[in-house]
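Okay, thanks for making the time, everyone. Let me put the chain up on the screen, and then I'll walk you through it.

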Amino acid sequence: MSRSPGSAADQAPPMAPSRRVLLLCGDYMEDYEAAVPLYALAALGVAVDCAARGKRPGESCLTAIHEFLGFELYTELPGHRFPVTADFAAAAAAGSSRYDALIIPGGRFTEQLAADEDAVALVAAFAAARRPVVLTCHSQLLLAAAGGLAGGVRCTAFFGMRPVVELAGGTWVDPDPFSLCVADGHVLSAIGWPAHAEIIAKLLAAMGARVDAGGRQRVLILCADYVDDYEANVPFRALAGVGCSVEAACPTKRKGETCVTAIYDAAPAPAVSEERRGHNFAVTADWADASADGFDCVVVPGGRAPELLVTHESAVALIREFADKGKVVASIGQGHLLLAAAGLLRGRRCAAGVPMKVVSRLAGAVAVESAGAVADGKLVTAAGWTDLARFVARVVDLLGITVSF
């Protein structure tokens, strides 16, 4: 298919859906545990239907941020409004005949669903068909209610769920490290979103996918305080899930420190979305170790972090170094500010949302798309987090990674 600049084909994910997954949603489900599977799987050729009991397609669920903020237990904060895309009754009726896997995020909504006969029957049907069932944090309660842990099924979860797993007849596995995903037959379980890389890798394998990475690609994500919550974490987890070695670095923080993230719900122009605090995003590499020679790709998320990063000449120079050495440079949302400062948008096509349109044009971009993700050579740009599936797909393609079923 020929692709003209800015055409719909230019913005579409390069992989057509060949598998279909049901994501069971509800108010106060954990934000990352819904968003990462949605965008990562969509980028890799898996259709994801999001269904919620009592909600119609077009409505939304309010997600929750679960993060440790210095207290003995995690704090719950309001997250994004997450769109419902499928009818629950229709999805439940189709069940495993239509879907290749079931994903249930953690969060308090699982307590309500575990007492709902229709929801429990849906989970039981997937378990009986031995379709992959992904459980994180607290959603193991639903499989327990469905009798799916009986017989000693090995399972991990948030620590407070151990009595539930054992009372349901499961075998408890400590979530050590937090990145662990335990696979016992069709049951994939984890403590929560820190395990998303392993979850994605094992879920793809369970659905019959073959991932060819052509070598272990290394990806660097630039971050700073108030980086966009989704735009940092989704690429980090999704790319790690297909075998990349992914690190995050910040010019003002050391390895082991964290950056606070910011949440911006999607808002139609000219509306401006409010900002809320998101998760903490871990810095995994020292700034001294961030160089184009050590990585194949750099990702610059948006949020307000680029306003800080652009004041550090070392960050601007690093972006320019990646481009000069022919590496993949990928930016989303306000991350374009760094591209502009580094002179990388001149004469290039890009996708930019309203906040970055003027900056992109001032920086010499020749065509600015309002949505989607655009690849111009080894430069990838996306308008914002709603375009994450296309954005990740473009990066995966340029890194030479293929996913086939």
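So, the chain has 14 helices and 23 strands; these are DSSP runs, H or I of at least four residues for helices and E of at least two for strands, numbered from the N terminus. Before I go on: this is a predicted model, so local features need pLDDT of at least 70 and side-chain atom pairs count only at pLDDT 80 or more, while totals for chains, interfaces and linings use all residues. Residues are numbered from 1 along each chain as its sequence is written, and side-chain values use heavy atoms, with hydrogens and water left out.

Overall dimensions next. The C-alpha atoms fill a box of roughly 60 × 45 × 45 Å along the principal axes.

How much of the chain is buried? Buried residues make up 56% of the 405, where buried means under 20% relative accessible area, exposed over 50%, and partly exposed in between, with a 1.4 Å probe and protein chains only. The accessible surface comes to about 15500 Å², and 52% of that belongs to carbon and sulfur atoms; the areas are Shrake-Rupley with a 1.4 Å probe, and for residues only the protein chains shown count as cover.

On contacts, meaning heavy atoms within 4.5 Å: take those with a separation of 6 or more, and 70% of them are between residues 24 or more positions apart.

Charges, quickly. There are 35 positive and 43 negative side chains, and the centres of the two sets lie 6 Å apart. Lys and Arg count as positive, Asp and Glu as negative, and His and the chain ends are not counted. The place of a charge is NZ of Lys, CZ of Arg, CG of Asp or CD of Glu.

Now the inside. Nonpolar side chains tend to be buried together in soluble globular proteins. Here the largest nonpolar core has 135 residues, and Phe 82, Leu 222, Ile 319 and Phe 391 touch the most other members. Helix α2, residues 31-43, gives the most to this core, with nine residues. By nonpolar core I mean buried Ala, Val, Leu, Ile, Met, Phe, Trp, Tyr and Cys residues joined through side-chain atoms within 4.5 Å. If you zoom in on Phe 391, and skip residues up to four places away in sequence, you'll find that Phe 391 touches Pro 235, Val 299 and Ile 332, among others.

Leu 220 sits in strand β12 and is buried, with a relative accessible area of 0%. Leaving aside neighbours within four places, its contacts include Glu 247, Phe 295, Val 299 and Phe 322.

Let's move to the loops. Trp 193 is in the one between β10 (187-190) and α8 (196-206), and is buried at 12% relative accessible area. What does Trp 193 contact beyond its neighbours within four places in sequence? The list includes Glu 30, Glu 33, His 66, Arg 237 and His 279. Trp 193 and Glu 30 are 163 residues apart in sequence, yet 8.6 Å apart C-alpha to C-alpha.

Ser 96, in the loop between α3 (88-94) and β5 (101-104), is buried as well, at 18%. Asp 174, in the loop between β8 (171-172) and β9 (181-184), is partly exposed at 45%. Not counting residues up to four places away, Asp 174 touches Thr 156, Arg 162 and Leu 180.

Last, the backbone. Most residues other than glycine have a negative phi, and most peptide bonds are trans. Now look at Asp 176 and Pro 177: a cis peptide bond joins them, with omega about 5 degrees. Pro 177 is in the loop between β8 and β9.

Then there are two tyrosines with positive phi. Tyr 28, between β1 (19-25) and α2, has phi near 70 degrees. Tyr 226, in the loop between β12 (218-222) and β13 (227-228), has phi near 65 degrees. Tyr 28 counts as partly exposed at 33% relative accessibility, and Tyr 226 is partly exposed with a relative accessible area of 33%.
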